[in-house]
Amino acid sequence: MSISTVKSWPNMTSREEVRFLADLVFKRSSGDHTLVTVQDHNGGTTRFANNQVIQNVNTRRGTLTVMVACGRRHGEASTSDFTAGAALETLNRAERIARVSPEDEEFLPPPLPQRYPIVNTFLEETALAGPARRLEYVQEAIGQCRMENLQAAGIVSSCHTAMGVAASSGLFAFEDRTDSRFSITVQAAEATGWASAAHRSIDQLKIQERTLQAIRKAQRGSGAKEIPPGRYPVVLEPAAVAGLLTWFMSMLDAKAYEKGTSPFWGKLGELVIDPRLSLLNRPDHPDLLGLSFGPDGLPTTVFRWIDHGSLKSLVHDRYSAKKHGIDPIPTLESPVLEGEEPTSPRVEDLIRTTERGLLITNFWYIRAVNPSDLTLTGMTRDGTFLIEDGQITRPVRNLRFHESPLRVFMLVDGFTRPAEAVTPETGKLLVPAMKIREFTFTSVTRF
Amino acid sequence: MSTPDWNDLAELALKRVRASGAEYGDIRVIDSAIQTVRGEDRRIASVKEICDRGFGIRVLYRGAWGFAASSILSTEEVPRIADLAVEIAKGSASLAIDRVRLAEEPRHRDRVVTVCQFDPFSVPLEDKTTLLQEVMERVHRQAGIVRSHAELWARRDRKLFVSTEGTHLDFDLLATQGEISATAVHDGYFATRHFHTPHLRQGYELITEANFLLEAPRIAAQAVEMARAPVVEPGVYDLVLDPEHLSLTIHESCGHPSELDRALGYEANYAGTSFLTLEKRGTFRYGSAQVNLLADNTEPGTLAATGYDDDGVACQKWDVVREGIFVGYCTNREMAPKIGEPRSRGSNRADSWASVPIVRIANIGLEPGAATLSDLIADVKRGIYIEGHGSYSIDQRRYNFQFGGDAFWLIENGRRTHMLRDVIYHGITPEFWSSCDGVADRAHRRRYGFITCGKGQPGQSGWMTHAAPHARFRRVQVISGEARP
């Protein structure tokens, strides 16, 4: 849907305005190649804690970026001012940088005009949602928690972004994008429960359902006792899988692979995860935050990154892709990890088949410990439970893990159908819950 | 580009806010210039200049906040945004339980300017690219090096802060930083060694004094040595930590838990809360008697020494931990009255015009002791000397932490012997700081700045400096950073 049909205010930068700004810059540019990127963002976040609003903000922000290349010398400048004078002043700065920069052997001129997939990135209800709608949702979540005598903290956010990329090569891409988010942490004495959602449509945030999920987790988590660190079978809920998979995906850089500084070195074409699982990019999926083009103006692609456990591609920039004859360049902004035949329909079924192990709701503060083998560390958060004889028997205190997804994604005992996962440390993914045969925890905290 | 006079825009905004019946309002107009020159594997990969200009209006209406911001600096947009901030505050007020009361602060009228010898934005770009190319060339001269990285960064913030209480502050702030790294590969394992200047409020003299050309071959040789070094044997070790490494330990395990908004649950959904709960102030043993952690937002050159914070509160100096006892929080005007303090500590910061200010860690540093680095090492039978930042992770109440480092050396019988790799240590914050039994003297003190401290929703990057001399910690649990099969 075009934004021109929507009565949102303020008026966002339109396709025609992006073209006008870009043409203005191209006409005056002295460079061999010029690329203009325009981003116009309007959005807000209502934040709550201790069952009341603590922060309530709205921001309108424009960013116009100009890249100019003279031969293989290039420079980039940006401004938040969309007036014609500011656009030309930004062009001058980019030209000045390009003229004095050394030649860059990896520079490539902007892409030629592209064909873009049709992706429904804009939903009117989100663009129209303002502070009042966000407040309504906050009220709903807080109300549910008050009824249970619990404390809630969280956010409701919504935004509309107009995004355009144009190049002197004739390339032009434009789309309106909406995004809405909800997350909540419920406190029940020492225990916390958490849930979150992200969707192009603010109508799809499922506030009541998510709040109830967080309430149940918090209530069930009270009275956690310490268990010794060590190796346990685990059932990872989708958010926990998303945390590990996000690090896994971030290390697929082709240049690092070529230089021998990638944990995937020597593994292209090899099994890197359980052969029942595949990793796809699905910008067309209605439950993901897909895009039709990336920041360089290239189209997003539906692509099978891992096929039945086997790694099919690395993440290439345009230089690396050209060097290796890769066209089109696969993108990975809308990931789906799935298996053709899930072993269990629901998380509860994975729990039922676990003799003794831990149920992990989410991980927090995941960081790389050893990039050579992708060993990560992080803490469990917002609901960690002991499973005994197929049942959750009691909450346990949070533990620190020390593991590599390259190891544990090969130790998959079972998995569900993919479900939505979005955490404070990941984008939105569709991933299954997983049962892992053995997972290493090295220490325990005090709660 | 010509824009309306900032003072006129501020007056226009505050007039609108006053007319709404709000009890408080302020406006920040900011023009930020950021230049980044980045080199990778001998080439200059990118040179970018960002100009980011806009304003944010904050309104307190019947004890509840509203904030709206825009990058359109015009006489039409300012009243629109002011009205929006009021409307948002009215919405917040409809759900308010505990009404916001601001701590008193004298009215200030001042101008704050970063003192520098050489403006980094006036240094010819060719000088910067030439330096980075030469640095990377020197890194690659070392056999075994496969990758290099070199970067220079500078930022200038011109800012106007005006409040309905009559405070009027004008800022011209500068910050500079540079860094290089070298990566070596050996037998399928790779190691990266870094050197960087701290982020400080200084000019380009910070870069020229750092002498990157001399540091480049040193870090290249150490990267190769580290790639070939033996993996640490897990166990209990005494640790001697260098100032740069300690800056991160202080940041994560003392800085964040001392933020009062965290202790009060405001960050429960994201960054987390704090084990330093209110009843612990003044009595809780955070560390050994050797541990004195001082917040000082007045030290020239440090990132949080901006004269005033984004509440318009004058920068101050106070104890966070005195002789091992936790005594003070980082606060803002909203939080201070909640613990009975009459004045804010001046730790309210926003990362741009587009963000609302929140409580931020101050320039918290470890106060010097009396030892030398040689003294600290001499009294270690089996230990590890750690330099720089590596892997780091900590739970959301800041109890259980785990740190790596940039480089590690085994200490045996009072002597630093050879490099180790994959050293990871973990502990519980108050137990760890209670094991500190030696702090080096003022001559060993160094300062390190942070500009990417993540907090808040929407996320913001906080800026602060942590200073420390070397310090020693006894009997710390060390593991190796490998995923065992």
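Predicted model: local features only at pLDDT ≥ 70, side-chain atom pairs only at ≥ 80, totals over all residues.
**Confidence in chain A**

Colour chain A by pLDDT. The mean is 96, and 98% of the residues reach 70 or more. Then select residues 1–8 of chain A, where pLDDT stays under 50. For this stretch the model has 13 contacts beyond four places in sequence.

**The contact between the chains**

Show both chains and select the residues that touch across the contact: 74 come from chain A and 69 from chain B. On the chain A side, strand 2 (residues 52–70) gives the largest share, with 11 residues. By class, that side of chain A has 23 nonpolar, 33 polar and 18 charged residues.

To find one pairing, pick A:R60, which stands opposite B:S70 in strand 3 of chain B.

Select A:A188, in strand 5 (residues 172–188) of chain A. Is A:A188 buried or exposed? The cut-off for buried is 20 other C-beta atoms within 10 Å; A:A188 has 22, so it is buried. Beyond its neighbours within four places in sequence, A:A188 is in contact with A:L150, A:A218, A:Q219, A:G221 and A:S222. For scale, draw a C-alpha to C-alpha line from A:A188 to A:V315: they are 43 Å apart in space and 127 residues apart in sequence.

Phi of A:N149 is near 60°, a positive value in a residue other than glycine. A:N149 counts as exposed, because it has 7 C-beta neighbours inside 10 Å.

A:K206 also has a positive phi, about 50°, although it is not a glycine. Look for A:K206 in the loop between strand 6 (191–199) and helix 5 (207–220) of chain A. With 15 C-beta neighbours inside 10 Å, A:K206 counts as partly exposed.

**Two cis peptide bonds**

In chain A, select A:D327 and A:P328, which are joined by a cis peptide bond with omega about 0°. A:P328 lies in the loop between helix 8 (318–323) and strand 11 (335–339) of chain A. In chain B, a cis peptide bond joins B:Q457 and B:P458, again with omega about 0°. B:P458 is in the loop between strand 22 (446–455) and strand 23 (460–468) of chain B.

Select helix 5 (residues 212–228) of chain B. At 1.5 Å a residue, its 17 residues should span 24 Å, and the end C-alpha atoms are 24 Å apart, which agrees. Its buried residues include B:F212, B:I219, B:V224 and B:M226.

Now show the four strands that form an open antiparallel sheet in the order 11-10-9-14 in chain B. Strand 11 (325–326) and strand 14 (364–366) each have a single partner strand, so one side of each is left without a neighbour in the sheet. Helix 6 (residues 243–255) of chain B packs on this sheet, touching strand 9 (293–296), strand 10 and strand 14. The direction of helix 6 makes about 120° with that of strand 14 of chain B.

**Chain B: strand 15**

Finish at strand 15 (residues 382–387) of chain B, where five of the six residues are buried. Four bridges join strand 15 to strand 8 (residues 235–241) of chain B, running parallel; B:D238 has B:G383 as its bridge partner. Strand 15 also pairs with strand 18 (residues 407–412) of chain B, in the antiparallel sense over six bridges. There, the bridge partner of B:R382 is B:E412.

Methods: Residues numbered from 1 in each chain as written. Chains lettered and ligands numbered in written order. Contact = placed C-beta atoms within 7 Å. Helix = DSSP H or I, 4+ residues; strand = E, 2+ residues; numbered from the N terminus. Nonpolar A, V, L, I, M, F, W, Y, C, P; charged D, E, K, R; others polar. Pairing = 2+ DSSP bridges. Expected span 1.5 Å × (residues − 1). Buried ≥ 20, exposed ≤ 12 C-beta atoms within 10 Å, placed from the backbone. Axes fitted to C-alpha atoms, helices over the stretch in contact; angles between N-to-C directions. pLDDT = per-residue confidence, 0-100.
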